[in-house]
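Okay, thanks for coming, everyone. Let me put the model up and walk you through a few spots.

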Amino acid sequence: MGGLSSLEGRVEVFYGGSWGTVCDDSWDINDANVVCRSLGFRNATEALIGGVFGAGSGQILLDDMECKGTESSLALCAFKGWGISDCQHTEDAGVRCHTNMDLDNSNVYSLDSSSDLPELLGRLFESQQGCDFNITARSSNEEASSHTICVHKLVLSLSTEASFLIPTLDSDSFTMEVTSECKPFIFDFIRYLYTRTIGVTLASAQCLHKLASEYNVRALQQYAGQLFSQLLPEDPTFKSQVSFYEYAVLSGDIQLQETCLQYMAWNCEAFITSPMWTRVSSQTMEALLSRSDLVIPDEAFLLDALEHWILENRKEGTSNTSSEAALLQQIRFPMMQPEKLFDLQFTSAVYKSLGDVYLAGMLQGFQFHSLSFNKLMQHWQGMREDYVPRIYTTSPWSYVKVGGYDYTWSRSFQTPVHNSVFLQQGNTMSWTVKVYQTTQSCRNSGYSCDTAPAVSLSPSYVPSQQNYTIGYHNSVLLVCNSGYISHVQEFKNNLATLPTNGTLGQTYPCASDFSSYRFVVRPQYSP
């Protein structure tokens, strides 16, 4: 789109019944090669950014593309998720493709009657007749309960997803080593090699992803991996979320690790009240506590939850002093009010055994609340992580709107200027929240909106001191009717584009409508 010839233009993809663009964040020649080859060209000569071929319209469907260059489609590359983007159409990606001299312009009119072929192949497989090859699934500790499935060499030899079987087809059998937990899903896995269709559930997702990864069934692996974000909200006990994360760590799947950790971080308050909180390993706990995107009432709430984890694991004999100390060092004591810091020595059930860690954290907190930023940074190289607030949902740092979007909705609320008592001293910030149902109403307020609905969160002023300013990394949280947080969108230049009640654009899609929208203010020092 927008190019001077068929060799160049803005990249657009079709998904969910409509066309949308691709953001240029991380856009490079590997991504462009995938686009050009999928269009029948040899490869790309250039990957273009910054809306060179004009701004598109509608949804920005893809962002943060990470193609290797060998994929047959952008949908098979790693990316944020369908419709998840913080970009504007001025950032639409483009390509220039290398001419392919082998192409001709003759018209081809095709008849395609292949739509029933997968069903016919599925029936052939399910009949378990006329086979000339056996696949046996067994677990190393369950020899007697091995399961054999008969298949057809010719069908599997033509399946690109069954490449792991090709070297063995000269024989008459192949043995798959599987865990006992995954054995019930082997039949569906082999059937997929015939039909290229499969149903994935919360119970089967991990095993199907594991099987696809081990046997190089790429399309199924990619699909199951992308499906985790839709499956995670289905388990309110957090047993599946923890299991998926531990599996991702063992398999080295970084993307799946982030998908699971982010869900647990955004829904940390519900996770803390679940039975799984005290059962997670110290490694999982440390990975979670290191994050700045934990959504919690306040830092004291997180400390109480960690102390509960420590006490319960002491009872089970699964904790030790060094791991407990390492976890406590992840608590951001400066984000706690001085009164709460002072009370810890009298109220904490863990303080007595780990007093040195608490005292160090309390000292950092008192320094943060009593000194200027210039003094704090005098002996530090760069910003300390414990000076950065997480996403705190209690007053005064957040404001909640209950229900759906109203056409002309606008409210104001106040927060302190900063988390530091040194800077507060009675100073407050006034914030105005406005929701825009149309791009025109957004533009009328002075913002550049490509899509709607959108929301602005604007301060009354930007506070500054000598040599530094106070910046705000604010967010809007979308809460589903079932109570979990489906999406966290950061404000960019005081504006955030909101996904609708459909699944497109939500990190963890709602099964129903949103129940509320929470706006969170996060002040940070900015040198």
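So, which residues in H5 meet which residues in H6? Ala205, Gln206, Leu208, His209, Ala212 and Ser213 in H5 meet Leu220, Gln221, Ala224, Gly225, Phe228 and Leu231 in H6, with contact meaning heavy atoms within 4.5 Å. By class, that's seven nonpolar, five polar and no charged residues; nonpolar is Ala, Val, Leu, Ile, Met, Phe, Trp, Tyr, Cys and Pro, charged is Asp, Glu, Lys and Arg, and the others, Gly among them, are polar.

Quick housekeeping: this is a predicted model, where local features need pLDDT of at least 70, side-chain atom pairs count only at pLDDT 80 or more, and totals for chains, interfaces and linings use all residues. Residues are numbered from 1 along each chain as its sequence is written, and side-chain values use heavy atoms, leaving out hydrogens and water.

Back to the helices. H5 (residues 205-214) and H6 (residues 218-231) pack at about 155°, axes 8 Å apart; axes are lines fitted to C-alpha atoms over the stretch in contact, and angles run from 0 to 180 degrees between N-to-C directions. H5 and H6 are therefore roughly antiparallel (over 145 degrees). Helices here are DSSP runs of H or I, at least four residues, and strands are E runs of at least two, numbered from the N terminus.

Next, Glu91, in the loop between E5 (60-62) and E6 (94-97). Glu91 is buried, at 17% relative accessible area (buried is under 20%, with a 1.4 Å probe, protein chains only). Beyond neighbours within four places in sequence, Glu91 contacts Val22, Cys23, Asp24, Asp25, Gly51 and Lys492.

Note on methods: Parallel < 35°, antiparallel > 145°, perpendicular 65-115°, else oblique. Buried < 20%, exposed > 50% of the residue type's maximum accessible area, 1.4 Å probe, protein only.
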